[in-house]
Amino acid sequence: MSDSYLQQLGYSLGSERRSIEQAEQAGVLLSTIQALKESGFEQHFICAESETAYQLACNALVDSQIDTAEIDCIIYANCLPLNANHHQNDAFESSRDVKDLMVFPASKLQVEFGMENAFVIGLTQQACTCMLGSIRIANNFITAEENINNILCISADNFPENAYYEQAYNLISDGGAACLVSRKPQGFLILTVKHITNGAQVLASDDETVGSYFSYLHQLISETLLQINKTVADIDWVVPQNTNAKAWSILASLLGIDEQKAWFESLAEVGHVISSDNIINLARLDHSGKINKGDLVLVFMAGFGSNWQCMVVEKV
């Protein structure tokens, strides 16, 4: 079995920064300013009117400095299915031609960045967990097909006009992330990725989602570690998504993990960047100088659907 490595992490954010107070004035919050600040949020980033999710993807790819000439496969993941079409619905409404619903951003990205030898996969039904889902698929490709060496995993989402920028009591930012899954022994060795879906909760409310958060993540993390014969005591760092900071404290207590092992210092600055804040936090941990060769990092994400994904990587 071949090893695969996660490396060259890049990300992008919407170009307009807003404080929580400005977000409230814009009418995009559901919770109070005090409640969001007590959860750890201070500000968020949104796209300007002319910006698109595709532009966020391009910016994340540039930030990653990935050599696109070497890419064999592109896995393009979106939390919001509407961002998986480069033309928005208004083009179809005018033309009535369904081709306008299939202007795929991954194909456009392939051409724009010279990835002629890459084939394309789109991933749109794993919500906030889709970036981890793309890494899981990439890891399995590297393991199964010897002619595939380098896979670009990329995700970007821009909330539609008039949407609330709050989900399940978390302040949202528009943003994207990119990373490379490769046979090159750099960055992080991927040890395992696990995914749980409970389709019965596809219409769960925010309160129902929060209510199932702890039980599902406890199950997911426990089963993920069991897959590689590890325990929480073996984990050196935990990279959660940027959701309510208190939620991590409770989960850490349930799992018996030292809270100080968690790394989500971007929470106040960027908020919950939909499916990309795992990558933002992992990149910042990697650049912090605090992580050592051989350290094990547990990365997890919860998403609507409902989907729950967890990955364990080893710093090389």
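In the predicted model, D286 counts as partly exposed, at a relative accessibility of 24%. The side chain of D286 meets that of K315 in a salt bridge, with 2.7 Å from N to O. The two residues lie in distant parts of the chain, D286 in helix α10 (residues 277-287) and K315 in strand β13 (residues 307-315), and they are 29 residues apart. K315 has a relative accessible area of 15% and is buried, because buried residues are those under 20%. In general, side chains of opposite charge can pair when their charged atoms come close.

The relative accessible area of E269 is 33%, which makes the residue partly exposed; R284, at 17%, is buried. The pair belongs to a network of salt bridges in which E265, E269 and R284 are linked.

A salt bridge also joins K184 to E70, with 2.5 Å between the closest N and O atoms. K184 is in the loop between β9 (175-182) and β10 (188-197), whereas E70 is in the loop between α3 (53-64) and β4 (73-77); the pair therefore ties together parts that are 114 residues apart in sequence. Both residues are partly exposed, K184 at 30% relative accessibility and E70 with a relative accessible area of 33%. The protein has seven salt bridges in total.

The secondary structure consists of 10 helices and 13 strands. Nine of the strands form an open sheet with mixed pairing, in the order β5-β4-β6-β9-β1-β10-β13-β12-β11. Strands β5 (119-123) and β11 stand at the edges; each has a single partner strand, so one side of each is left without a neighbour in the sheet. From one strand to the next, the twist averages 20°. In general, strands of a sheet pair through backbone hydrogen bonds, either parallel or antiparallel. Strands β4 and β6 (residues 150-157) run parallel and are joined by five bridges, and C73 has I151 in β6 as its bridge partner.

Two helices lie across strands of this sheet. Helix α5 (residues 105-112) lies across β4, β5 and β6 and runs at about 140° to β4. Helix α6 (residues 130-144) lies across β1 (5-13), β4, β5, β6, β9, β10, β12 (296-303) and β13, and its direction is at about 170° to β6.

Another pairing is that of strand β2 (residues 16-19) with β3, which run antiparallel and are joined by four bridges. Here R17 has F45 in β3 as its bridge partner. In a regular strand, side chains alternate between the two faces of the sheet. Strand β3 (residues 43-46) shows Q43 and F45 pointing one way and H44 and I46 the other way, and all of them are buried.

In soluble globular proteins, nonpolar side chains tend to be buried together. The largest nonpolar core has 75 residues, of which L6, I135, I151, W248, V297, L298 and F300 touch the most other members. Strand β12 supplies the largest share of this core, seven residues. Leaving aside residues up to four places away in sequence, V297 touches F188, W237, V239, L282, L285, I291, M311, V312 and V313. A second, separate core has 21 residues, including C58, I71, L152 and A156.

The C-alpha atoms of A233 and D258 are separated by 9.1 Å, and the two residues are 25 residues apart along the chain.

For the protein as a whole, the radius of gyration is 19 Å, which agrees with the value near 20 Å that a compact globule of 316 residues would have. The C-alpha trace spans about 55 × 50 × 40 Å along its principal axes. Of the 316 residues, 55% are buried. Among contacts with a separation of 6 or more, 78% are between residues 24 or more positions apart.

Notes:
Residues numbered from 1 in each chain as written. Predicted model: local features only at pLDDT ≥ 70, side-chain atom pairs only at ≥ 80, totals over all residues. Heavy atoms only, no water. Buried < 20%, exposed > 50% of the residue type's maximum accessible area, 1.4 Å probe, protein only. Pairing = 2+ DSSP bridges. Salt bridge = Lys/Arg side-chain N within 4 Å of Asp/Glu carboxyl O. Axes fitted to C-alpha atoms, helices over the stretch in contact; angles between N-to-C directions. Contact = heavy atoms within 4.5 Å. Core = buried A, V, L, I, M, F, W, Y, C linked by side-chain atoms within 4.5 Å. Rg over C-alpha atoms; globule rule 2.2 N^0.38 Å.
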